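Please keep the sequence and the model in view while reading.

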Amino acid sequence: MVTDDVVHDGQHVALRLGDPPTPVPEPVAALLLDYLQALAANPPAIKQDSPWLFPGRRPSQPMNPGTLRDALRKLGVPVEKGRTSAIRQLVRQAPAPVIAQALGYPHKSTTRIASEAGAPWKNYAPRDHTR
């Protein structure tokens, strides 16, 4: 994500994850706006002019996902639980294999989460388009 993906109209904050942009609830919206201000006020030692929301150490590269995960853990954010909760919500709306392919996850993981969540798509047969 780049900083331009954060939309703030003065009252609401949203992320351009698709169309329309996704609303960001409080208190995350306030934290995101504070982060953007700090990012602009404290550029890296080597001016990179990076558009990334979470810039990495290399010029023009985003932060490594593992580095971001570790930083969130240090702040006490339960990263894995949040990811599983998000996938659980998605598999209630679409078949687990479809979600797995869209996210680049193993289909066994999303199928397990769907089963645990009692998802309505649990009997979906992937690649069975001939019936």
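The model is a predicted one. Its largest pocket holds about 1500 Å³ of space, its open sheet has 3 strands, and its residue T110 is buried.

**The largest pocket**
- The lining of the largest pocket is made up of 34 residues, and those closest to the centre are M1, F54, L68, L72 and V79.
- At least two lining residues come from each of β3 (22-23), α1 (28-41), α2 (65-74) and α3 (79-93).
- Sorted by class, the lining comprises 29 nonpolar, 3 polar and 2 charged residues.

**The open sheet**
- The strands follow the order β1-β2-β3, and their pairing is antiparallel.
- β1 (6-8) and β3 each have a single partner strand and stand at the edges, so one side of each is left without a neighbour in the sheet.
- Between β1 and β2 (residues 13-15), the antiparallel pairing runs over 3 bridges.
- V13 in β2 has H8 standing opposite.

**Residue T110**
- T110 belongs to helix α5, which spans residues 107-117.
- T110 counts as buried because its relative accessible area is 0%, where buried means under 20%.
- The T110 side chain reaches the backbone oxygen of A96 at 3.1 Å, and that of H107 at 3.1 Å.
- Neighbours within four places in sequence aside, T110 is in contact with I87, V91, A96, P97, I99, A100 and Y105.

Technical notes
Residues are numbered from 1 along each chain as its sequence is written. This is a predicted model: local features need pLDDT of at least 70, side-chain atom pairs count only at pLDDT 80 or more; totals for chains, interfaces and linings use all residues. Side-chain values use heavy atoms; hydrogens and water are left out. Helices (H or I, at least four residues) and strands (E, at least two) are DSSP runs, numbered from the N terminus. Buried means under 20% relative accessible area, exposed over 50%, partly exposed in between (1.4 Å probe, protein chains only). A polar contact is a pair of N or O atoms within 3.5 Å; within protein, one must be able to donate a hydrogen and the other to accept it, and residues adjacent in sequence count only if both atoms are side-chain atoms. Contact means heavy atoms within 4.5 Å. On a 1 Å grid over the protein atoms alone, a cavity is a set of points where a 1.4 Å probe fits but cannot get out, and a pocket is an open set with protein on both sides within 12 Å along at least five of seven lines; lining residues have an atom within 4 Å of a point. Grid points are joined across faces, edges and corners, and a volume is the space filled by probe spheres set on the points. Ala, Val, Leu, Ile, Met, Phe, Trp, Tyr, Cys and Pro count as nonpolar, Asp, Glu, Lys and Arg as charged, and the others, Gly among them, as polar. Two strands pair if DSSP finds at least two bridges between them.
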